[in-house]
Amino acid sequence: MEIVYFAGGCLWGVEAFIKTLPGVKFTEAGRANGTSHTLGGDYDGYAECVKTGFDPTVVTIRELMEYLFEIIDPYSLNKQGQDVGEKYRTGVYSEKADHLTEAEAFLRERNDYDLIVVEVAALENYVRSAEEHQDRLAKCPNDYCHIPEEILSRYK
């Protein structure tokens with residue numbers, strides 16, 4: 001199993017979507033690549049993200065990127081749906097250089113590469129979100145989500 005971190009706006013919907021994908025073994029809501037955080041919940045510079053454990057014999061980073069592009073607007077800087085701010089930026093983070101190389105290759109092969117604002121970077125740090133944010137949409141299905149239900153349920 002390998003681990004990659006995907007940011008795509010509010011983590012509730014991103015987690016709900018990613019956990020349904022083929023080859024995904026587990027997900028965990030969290031925040032990545034920030035500058036500081038406090039026990040009170042301030043996360044300076046962090047991107048809301050989903051830690052994703054996957055089986056690389058079933059699904060590749062490239063395929064996971066294709067799925068990610070189903071739920072994000074890759075041209076929108078620090079905004080997805082009604083969620084606005086740096087913490088809602090889109091990105092792919094990993095401790096493995098080959099994950100980042102494959103993600104970058106996926107982006108570069110697109111005709112609109114120059115317009116894409118999806119961050120691809122080494123994972124610098126990660127903080128697991130509070131328990132109330134884990135599987136949030138399953139626990140509270142009427143909560144706001146920027147991803148339409150027909151997309152969220154596509155792979156169930």
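## Model and conventions

This is a predicted model, in which local features need pLDDT of at least 70, side-chain atom pairs count only at pLDDT 80 or more, and totals for chains, interfaces and linings use all residues. Residues are numbered from 1 along each chain as its sequence is written, and side-chain values use heavy atoms, with hydrogens and water left out.

## Overall fold

The chain has five helices and ten strands (DSSP runs numbered from the N terminus: helices are H or I with at least four residues, strands are E with at least two). The radius of gyration is 14 Å, close to the 15 Å from the globule rule for 156 residues, so the chain is as compact as a globular protein of that length. The radius is taken over C-alpha atoms, and the rule is 2.2 Å times the number of residues to the power 0.38. The C-alpha trace spans about 40 × 35 × 30 Å along its principal axes.

Of the 156 residues, 51% are buried (under 20% relative accessible area; exposed is over 50%, partly exposed in between; 1.4 Å probe, protein chains only). Contacts are heavy atoms within 4.5 Å. Among contacts with a separation of 6 or more, 73% join residues 24 or more positions apart.

## Helix α1

Helix α1 covers residues 11-18. Eight of its eight residues are buried, so the helix is largely enclosed by the rest of the structure. Among them are Leu11, Trp12, Val14 and Phe17. The cover over these buried residues includes strands β1 (2-8), β2 (24-32) and β5 (47-54). Helices α2 (61-71), α4 and α5 (149-152) also contribute cover.

## Gly91

Gly91 lies in strand β8, residues 90-94. Its relative accessible area is 0%, so Gly91 is buried. Leaving aside neighbours within four places in sequence, Gly91 contacts Tyr5, Phe6, Ala7, Leu68, Val118 and Glu119.

## Arg136

Arg136 belongs to helix α4, residues 136-139. Arg136 counts as buried because its relative accessibility is 18%. Not counting residues up to four places away in sequence, Arg136 touches Trp12, Glu15 and Asp143. The side chains of Arg136 and Asp143 are joined by a polar contact of 2.5 Å. A polar contact is a pair of N or O atoms within 3.5 Å; within protein, one must be able to donate a hydrogen and the other to accept it, and residues adjacent in sequence count only if both atoms are side-chain atoms.

Gly91 and Arg136 are 45 residues apart along the chain, and their C-alpha atoms are separated by 21 Å.
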